[in-house]
Each structure stands twice: as structure tokens, then as C-alpha cells.
Amino acid sequence: MARKLRPDAPRVVTANRLRDGVVVYRTAAGAWSPALDDAHVVASTEAEEGLLRACTADVADCLVVGLDVIEVQIDAHGAIAPISQREAIRAVGPSIALPQDRAFAPLAAPA
Amino acid sequence: MYQYDAHDQALVDQRVDQFRDQVARRLSGDLTEDQFKPLRLMNGLYLQLHAYMLRVAVPYGTLSGDQMRVLAHIARRYDRGYGHFTTRQNIQYNWIKLEEAPDILADMARVQMHAIQTSGNCIRNVTADPWAGVAPDEIEDPRVTAEILRQWSTLHPEFSFLPRKFKIAITGAPNDRAAVKVHDIGLRMHRDPDSGEAGYEVIVGGGLGRTPVIGKTIRRFLPKDHLLSYLEAIMRVYNAHGRRDNIYKARIKILVDALGIDAFRDQVEAEWQALKDGPLTVPAETYAAIRARFALPPYDEGLTGSVSTLRLDEAADPALARWIRANVAPHRVPGYGIVNVSLKAPGQIPGDATASQMERIADLADRYSLGEVRVTKDQNLVLPHVRLDDLPALWRALDAADLASPNVGLVSDIIACPGLDYCSLANARSIPLAQALSERFADMARAQDIGELHINISGCINACAHHHVGHIGILGVDQKGKELYQITLGGRSDDNATLGKVVGPAVPADRAVELIAGFVDTYLAIRHPGERFIDTVARTGTAPFKETLHAAA
């Protein structure tokens with residue numbers, strides 16, 4: 001659940017989609033998006049509490065699980081980025097190239 | 001190989017049905033997450049950073065070719081085309097959907113596999129020597145005991161809610177390849193010097209994680225028929241007195257340390273007197289019946305020779321010779337070898353295998369290894385029954401699938417947990433550092449000159465990569481938002497199990513690579529003839545290596 005954030009820090013609500021575990025962010029329209037840039041950013045404890053209250057129905061309705069509030073920063077172009085490395089990796093996926101499954105030529109017949 | 005009987009099969013089939021119902025009730029809202037979480041964990045299903053993660057048990061690390069094909073199928077059908085072999089001889093899938101998890105369990109049940117007790121505060125998958133049954137130094141195949149323990153501990157009603165998780169490892173050989181001294185209970189087979197009977201040294205209270213401890217011998221020799229009653233006594237003392245008020249002090253090692261091994265032994269002995277010679281006594285015929293299911297496969301007769309006496313044509317095929325030297329171990333049957341398959345190609349993610357690689361291993365197991373595969377605690381695979389004259393053909397086939405790195409037990413055979421790239425507990429990434437180090441030591445000829453050297457990298461204090469017992473151990477830490485790595489030297493998990501000593505402050509990843517390269521150079525400069533890295537550190541202590549640290553600063 002939510003950690004203590006700086007009172008005026010920009011923040012968003014995140015969770016995992018229950019049925020498949022996908023990382024999602026709460027949007028201003030009250031939906032859940034896998035894209036962090038779609039997230040509704042608030043910047044006060046009061047706004048955060050309101051946002052969380054609005055999300056609790058979706059937890060009860062089994063849409064999402066693991067509700068959390070994370071601190072973010074917004075660059076000059078409006079792009080949202082998490083402050084912590086953990087959330088940065090969570091937002092974009094592993095920092096490494098994932099193994100690519102490629103087919104091999106069939107085994108030669110035994111000599 | 002062991003084959004399920006009707007009871008085993010009914011149990012896993014019923015579990016699939018139960019979990020299917022539980023998932024349906026969770027998705028419909030009949031179960032809350034608080035209600036559901038312990039149920040999914042009992043089936044190895046975690047919620048990690050990016051998705052659900054499923055941990056599948058590979059009992060004592062033994063798989064058939066058909067089982068490996070199903071693991072490949074799961075990777076391709078339900079995940080992203082790969083899986084991750086772990087330091088507890090299991091496999092994990094990182095991108096699982098909750099709604100598909102029951103189908104995965106059903107697919108596994110069809111080949112006698114499951115994910116039961118791969119999580120939770122219960123007795124976990126029992127691990128064993130990956131060369132069990134075929135190692136020349138072995139007294140008896142430890143998988144017979146491991147299977148008895150599996151049957152005893154599976155859904156054991158008294159031990160399903162222990163103070164904390166509980167891990168057991170067993171080796172049937174005097175040379176420990178199962179790290180028995182760093183498990184909650186370690187079993188090492190010995191022969192009674194008087195009767196010649198095989199039995200167990202019982203080691204208790206070992207473990208890594210936040211509080212690393214080398215286990216202590218609680219009983220020097222335990223006859224096999226008393227195994228279950230004695231372990232039940234240990235478990236009862238732990239279950240009664242292990243701490244439940246503090247998760248960090250709940251493992252049996254803390255209890256053993258608090259009581260002292262002698263007082264703990266006294267309590268176990270008192271408990272055992274009430275259990276000894278009772279229903280938990282393993283009848284000789286039961287032991288024999290299970291042993292029969294691990295009967296050695298039908299080897300070709302009339303073969304001779306051993307890999308240790310094999311004449312390698314270095315000039316004709318240096319790469320093959322290098323691979324045989326590093327990856328093929330002597331077998332107890334003349335004319336055969338134990339082939340260790342590295343999942344540690346330079347730059348590869350340690351322990352990861354693609355679906356196609358798993359299928360290739362399964363096919364090669366069927367063709368060259370009598371249908372059998374093993375998983376090792378070092379995140380590699382083993383083809384345990386390979387004819388020596390098949391080695392060139394096998395090597396070529398492995399090489400075509402990027403599975404022929406000649407580095408087993410060498411500096412680039414790095415053990416690493418998933419770290420912060422996947423794990424919700426991690427503080428730092430493990431995989432990128434492992435990749436950087438394996439690329440730094442990608443020269444296999446030099447790696448063989450360096451010799452045996454184990455590097456273990458954990459992304460947090462939970463120590464899933466066993467960094468405390470790495471010859472070079474690396475612990476990832478988060479210091480005020482900075483990803484740093486603390487290095488230890490001199491750890492080992494073999495017969496002379498030792499915890500590594502910290503050398504210097506934690507450093508960034510690029511500096512860690514340079515320091516470790518410097519440690520290796522120091523070793524090469526000061527080693528005595530025939531001395532492995534760990535032998536040199538044991539002889540000199542860390543002082544010469546610390547000089548490297550200062551020189552590089």
C-alpha cells in the first residue's frame with residue numbers, strides 16, 4: 001500500500017490487473033491503462049486520498065489488485081516517469097533484452 | 001525414474017480442480033485477495049513486478065524428456081517463450097495470467113508435475129545432488145530418500161502452516177553437491193563404520209537470507225528406517241517453538257541458535273522417543289519398492305572407459321575438447337559420462353531457457369541420455385546418461401542451440417536471481433551485472449585457465465542466488481536510491497561450507513566488474529600450482545584481494 005510521499009509530490013495510482021497481472025495506472029477518466037503517460041497525476045495528500053477512494057470500487061469489483069501510490073516526475077513535454085527504479089522497471093518492463101524463442105533446424109538423423 | 005501411482009495422480013488432479021474453482025471464485029468476487037492469496041501461494045503463484053509468476057516443482061531436480069516438453073509448451077503457450085531455472089531446481093515463469101493458471105496446472109498434471117508447496121510456510125520441494133544415481137562417489141541414490149520425504153511432506157496437515165518456509169536438501173555422496181549445510185535440514189549419506197549400513201548425517205539450522213548460518217550436525221548417523229520419525233521430531237520442535245511474532249526470526253536457524261544445538265538436540269530426542277519405532281518407521285520393503293522406481297536405466301553393456309581417461313584431440317577440435325573438459329563428468333558406468341549443459345552463454349540471463357531450447361534438450365535427452373534430464377542448483381541442466389562415443393554428436397547439437405558453452409563451474413557460470421528486473425522483493429538488479437561479468441570473462445580458454453570459480457549474485461538480502469556461499473558473492477543493495485553491490489570473498493557451499501567475508505564498501509555495477517576482474521588477476525598472480533580460487537582465498541585470507549581493492553580505487 002501507499003508509502004509516505006512528500007506532501008506536494010506528483011503521484012499516480014497503480015495496480016495490477018487481476019485477471020492477468022498486467023501493470024496498470026488509474027486515468028483521469030476512471031479507467032485503468034497500461035501506459036503510465038495515461039495516468040491521472042495528483043499532487044497533494046488530499047487529492048491522493050480522493051483518487052484512492054475512487055479506486056476502491058474497482059478492487060471490490062475484481063478489476064485490479066495491489067493498489068499503490070507512487071511518486072512521479074513530469075518532464076517539459078509532459079511525459080511521466082517514476083522516481084524509483086523499481087517503479088521505472090515496473091512501468092516499462094525488465095531493463096534487459098528478454099530471451100527470444102527461435103526455432104532450430106531439426107536434429108540430424110543419428111549416424 | 002519415479003512414476004506416480006494412483007494416489008499421486010489423484011492428488012495433483014484434485015488440486016487442479018480445486019484451484020480452478022478457487023480462481024473462478026476470485027475472478028467472480030466470491031473470494032477477496034486476502035482470502036485468495038494464501039490459496040494461490042500454495043500453488044506457487046506469486047504476483048511479481050510485471051505479472052503473476054508461477055513456480056513449478058521439479059522434485060529432486062529430475063525430469064523426463066516428456067516433462068521437459070511440457071515445460072516448453074507452457075513457456076510458449078502461456079508465457080513469453082522462455083522459463084527460468086532456479087537455485088532450488090525449480091522452474092519459474094514470469095508472465096503468467098491468473099485466468100490461465102488452472103489450465104497450466106492441468107497441463108502439468110498430465111505429465112505428473114505440479115506447483116504444490118513451491119511457496120508458503122511449508123516444507124518446500126526437496127532438492128538433491130543433480131548427479132544422483134550416476135556419480136561415481138555416491139553411496140546410494142539420494143532421490144529414493146527425497147521421494148520418501150516428498151510423500152511424507154506433501155500436504156502434511158501438521159506442517160502446512162509452519163512459522164516459516166522450510167527447505168530440505170540431500171546428498172548421497174561424500175562430496176556435497178547439494179549444499180546441505182545451508183538448508184533448514186541437510187541430509188548427507190554415510191556408511192555406519194561398524195555395520196556398513198547406509199544412513200544419514202542430519203544437519204539442522206543452516207540457511208542463508210538475512211541471517212546466514214552454516215548448519216550444525218544434530219545427529220552423526222541415523223539409520224534409514226528412522227528418517228521420517230526423526231525429521232518429524234525436528235519439525236514438531238520447530239513448529240512448537242519457532243517464532244511466529246517476527247518473520248525475520250522465524251526460520252529454524254534462529255531457534256537452533258537461540259537454544260543452542262545441544263538443547264535443541266535434547267528436545268528433538270525427547271520428541272523422537274515418542275515417535276521412534278512407530279508408524280513413521282520406513283519399512284525396508286517400502287524403501288525397496290521406491291528404490292525400484294529409481295532403478296538405473298538400461299545401459300549399453302560392454303562399454304569401457306571414462307571421461308577422465310578420454311583422449312581428447314585438442315588439435316583437431318579444440319572447442320569440443322574444451323567442452324568435454326569443462327562440462328562432462330565421470331559416470332559410475334563404464335563408457336558413459338554425465339553431461340552438464342550450461343545455461344550461461346556469455347551475455348545470457350543465468351538459468352533462462354527458451355521453449356525451443358527446452359524442446360531441444362528433451363529431444364537430446366531421448367536420443368542420448370535415456371530420456372532423462374536434471375536441473376541443478378547452479379541453474380544449469382544435466383544429461384545424466386550419455387555414451388562417451390556420443391559426445392561429439394551431442395556437442396554439435398547443443399552448440400546449434402546455444403547450449404554448448406564450455407564453462408560449467410567456471411567464472412562465467414554465474415548464478416543470479418531474477419533481481420529487480422522481475423522480483424518485487426529485490427533492491428537491485430542482478431541480471432545485468434551477471435551479463436556484464438559473463439561477457440568480461442567470455443574467453444573460454446582463459447576461463448578454463450582460471451579454473452573453478454563460483455560467482456553468485458543476489459538482488460536482495462533474501463539471497464536466492466546464495467551469494468553468501470559464492471566464492472565471490474555479490475549482494476545488490478539500494479542506498480538512497482542508488483543501485484550498489486556489496487562483494488564478499490571466500491564463501492562456499494561444499495563439504496567445507498563457509499560464509500564469505502565482505503571486502504570493501506558497496507560499489508556501482510561497473511566498478512564491481514572491474515574489482516572482480518582485479519580479484520581474478522590477483523588470484524592468478526598468487527595462486528600455488530593446482531590451487532583453485534577458493535583454495536587461494538582460504539590460504540591467504542582476503543588481505544591480498546583487499547590490496548587489489550585499494551590499488552583499483
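Modeller: Axes here are lines fitted to C-alpha atoms, for helices over the stretch in contact, and angles run from 0 to 180 degrees between N-to-C directions. The model is a predicted one, in which local features need pLDDT of at least 70 and side-chain atom pairs count only at pLDDT 80 or more, while totals for chains, interfaces and linings use all residues. Residues are numbered from 1 along each chain as its sequence is written, and chains are lettered from A in the order in which they are written.

Biologist: How are helix H1 and helix H4 of chain B oriented, roughly parallel or roughly antiparallel?

Modeller: Helices (H or I, at least four residues) and strands (E, at least two) are DSSP runs, numbered from the N terminus. The axes of H1 (residues 6–28) and H4 (residues 101–109) of chain B come within 9 Å and cross at roughly 170 degrees. Angles over 145 degrees count as roughly antiparallel, so H1(B) is, relative to H4(B), roughly antiparallel.

Biologist: Which are the edge strands of the open sheet of five strands in chain B?

Modeller: Two strands pair if DSSP finds at least two bridges between them. The order in chain B is S3-S14-S15-S12-S11, with antiparallel pairing. Pairing on one side only marks the edge strands of chain B, S3 (62–64) and S11 (328–330).

Biologist: Which residue in S15(B) does Asn340(B) stand opposite?

Modeller: Strand S12 (residues 336–341) and strand S15 (residues 381–387) of chain B run antiparallel and are joined by five bridges. Within S15(B), the residue opposite Asn340(B) is Val382(B).

How values were computed
Heavy atoms only, no water. Parallel < 35°, antiparallel > 145°, perpendicular 65-115°, else oblique.
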